[in-house]
Amino acid sequence: MKEQIKAYNSVLDLIGNTPLIKLNNVTSNLEGNYYAKVEAFNPGHSTKDRIALYIIEEAERQGILSPGDTIIETTSGNTGFSLAMVSIIKGYNCILAVSSKSSKDKIDMLRSMGAKVYVCPAHVSADDERSYYNVAKRLHEETKGSIYINQYFNQLNIDAHYKTTGPEIWEQTNGKITHLIACSGTGGTLSGTAKYLKEKNPNIRILGVDAYGSVLKKYHETKEFDSEEIYPYRIEGLGKNLIPTATDFDV
């Protein structure tokens, strides 16, 4: 009898179950214990692998995606890479509308993964026809057999982290977590993880990190959208010039 080869079927089987690593030197002057959830250990090198796989497989379960169809999305880079990776393995085309503040190497990487990339100006309003939101919507309307992931306004973005990231952190900390800190972009990671953790312990504090020039912090504090808060900023992957429904400010 031949010995069975111990191997994963594809890199998609490696998504999730990322490690916690204790932070020692950088927190040496602080009380308490600090840990980093190293989402870079996902095969696509970011937490966005989770939503890319979850949303695409949910579309497959609902029968709205078939091999040869097209995945369309707006992205600052990471979600696009994850979608391109899942698409190439599962047999989908991938079209991405990318913010011009994304680095050149990230844009080149997306193209090398087989995605068709449209680079859109970063510092225009969300309702401008040149914004990557509206470019993606137009491409979806023009492309037969396509789905628009729409991560900023997709409940599945939250659900993916509620089902994976939250339970992982709870189990890895043996339920001893007191604070969660995460960047706030679409808000999916923050909201889905927070929802799960607060169901386990409502006293856990959730801290979102925003970028200067983004509207999220003021909206969280006042529930007012203030366009005067919007300034050009160069940080990839966090901050917004609109309010995503994938951010659940209540949690």
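To start, how many residues apart are Glu221 and Lys217 in helix H8 (residues 216-222)?

Modeller: Happy to! This is a predicted model, in which local features need pLDDT of at least 70, side-chain atom pairs count only at pLDDT 80 or more, and totals for chains, interfaces and linings use all residues. Residues are numbered from 1 along each chain as its sequence is written, and side-chain values use heavy atoms, leaving out hydrogens and water.

Glu221 and Lys217 are 4 residues apart in H8, so about one helical turn separates them. (Helices are DSSP runs of H or I with at least four residues, strands are runs of E with at least two, and both are numbered from the N terminus.) These two form a salt bridge, with their closest N and O atoms 2.9 Å apart; the term means a side-chain nitrogen of Lys or Arg within 4 Å of a carboxyl oxygen of Asp or Glu. Glu221 is exposed, at 53% relative accessibility. Here buried means under 20% relative accessible area, exposed over 50%, and partly exposed in between, using a 1.4 Å probe and protein chains only.

Helix H3 (residues 104-112) holds Asp108 and Lys104, also 4 residues apart, or about one turn. Their side chains meet in a salt bridge at 2.8 Å, N to O. Asp108 is partly exposed at 35%, while Lys104 is exposed at 63%.

Asp128 and Arg130 pair at 3.0 Å, N to O. Asp128 is buried, at 18% relative accessibility, whereas Arg130 is partly exposed, at 46%.

Salt bridges also link Lys37, Glu39, Arg50 and Glu168 in a network. Across the whole structure, the search finds 11 salt bridges.
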